[in-house]
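Here are my notes for you as you read through this model. Please keep the sequence and the 3D view open side by side while you go through the points.

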Amino acid sequence: MKSKTIILFAALLASAVAFAKPAAKKDKKAKQAEPEVVLATKVDTASYAMGVAIGQQMLDNLEKGNYNKGVYAKAFCDVIFGNPTLMSSDSATRYMMHYVSEMQKEATRKNREASAKFLEDNAKREGVVTTASGLQYQVVKMGDGEKPNANSRVTVNYEGFLVDGTKFDSSIDRGEPTSFALSGVIQGWSEALQLMPVGSKFTIYLPYQLAYGERGAGDVIPPYSTLIFEVELISIDK
């Protein structure tokens with residue numbers, strides 16, 4: 001049961017770090033006298049290796065989230081060595097679940113507002129066209145080939161970005177174009193590609209309603225995200 005609780009805390013901490021930073025200040029670095037550790041047996045070595053591996057993972061999460069490392073270390077050691085703690089395991093788990101939920105809600109609210117503001121400002125830029133669905137696009141290069149229809153299969157090169165500039169996908173980075181049926185992709189892609197003659201390159205801006213909606217896509221695309229794609233239509237595959 002205790003091992004399951006520790007695993008749950010690690011998962012909750014990683015989730016909280018991914019969404020927001022708490023207000024806690026970074027603890028001051030201070031050198032403390034540490035007992036000498038001798039790896040005399042295989043069990044000693046395995047124990048030390050586990051400590052290094054888990055410690056490094058937790059350190060990364062703590063620093064990303066600006067958590068108080070001293071407070072965390074005190075609680076962790078109290079549990080490990082059976083010392084009294086300021087809250088029970090059950091209450092700590094409930095608190096972390098509530099905390100993560102609140103951080104997720106706040107991050108979602110901020111992302112939704114940022115995405116809406118981006119589209120509002122972007123619509124005013126010269127060369128940006130907004131369609132009836134809310135799709136925005138800008139022609140980088142207009143080709144002179146055939147346009148695909150809703151039932152076409154196409155081959156494209158593309159790169160995808162969040163509004164903060166984070167690249168989340170790229171066929172160019174993978175080193176080869178990608179092919180797909182327009183009937184099998186998100187609505188914004190299907191609509192935009194039907195506006196593009198073969199040989200065209202567009203920058204397209206997709207509101208969340210035309211992309212991955214209120215849920216987002218895994219850990220890569222947050223809920224309510226406006227997405228930006230640089231798309232080049234290479235061919236229509238008959």
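1. I begin with S152: leaving aside its neighbours within four places in sequence, this serine is in contact (heavy atoms within 4.5 Å) with F180, A181, L182 and I236. S152 lies in the loop between β2 (136-141) and β3, where helices (DSSP runs of H or I, at least four residues) and strands (runs of E, at least two) are numbered from the N terminus. S152 counts as buried because its relative accessibility is 11%, given that buried means under 20% relative accessible area, exposed over 50%, and partly exposed in between, with a 1.4 Å probe and protein chains only. The side chain of S152 also reaches the backbone nitrogen of N149 at 2.9 Å.

2. A word on the basis of these notes: this is a predicted model, in which local features need pLDDT of at least 70 and side-chain atom pairs count only at pLDDT 80 or more, while totals for chains, interfaces and linings use all residues. Residues are numbered from 1 along each chain as its sequence is written, and side-chain values use heavy atoms, with hydrogens and water left out.

3. For the overall layout, the chain has six helices and seven strands, and from the N terminus on its elements run α-α-α-α-β-β-β-β-α-β-α-β-β. Of its 238 residues, 34% count as buried, and among contacts between residues at least 6 apart in sequence, 69% join residues at least 24 apart.

4. Which residues have the most contacts inside the largest nonpolar core? They are V156, W189, L193, I204, F229 and V231, in a core of 26 residues; such a core is a set of buried Ala, Val, Leu, Ile, Met, Phe, Trp, Tyr and Cys residues joined through side-chain atoms within 4.5 Å. At least two residues of this core come from each of β3 (153-162), α6 (187-193), β6 (201-206) and β7 (227-237), and β7 gives the most, with five residues. Apart from this core lies another, of five residues, among them Y67, M96, Y99 and M103.

5. V156 deserves a separate look: not counting residues up to four places away in sequence, V156 touches several residues, including F180, W189, L193 and V231.

6. N122 is found in helix α4 (residues 89-122), and N122 counts as buried because its relative accessibility is 4%. The side chain of N122 makes polar contacts (pairs of N or O atoms within 3.5 Å; within protein, one must be able to donate a hydrogen and the other to accept it, and residues adjacent in sequence count only if both atoms are side-chain atoms) with the side chain of R125 at 2.8 Å and with that of Q136 at 2.7 Å. The C-alpha atoms of N122 and Q136, 14 residues apart along the chain, are separated by 8.3 Å.

7. Please also check Y224, which has a positive phi of about 60° although it is not a glycine. Y224 is found in the loop between β6 and β7, and Y224 counts as buried because its relative accessibility is 13%.

8. Finally, L39 is found in the loop between α1 (2-19) and α2 (42-64), and L39 is partly exposed because its relative accessible area is 41%.
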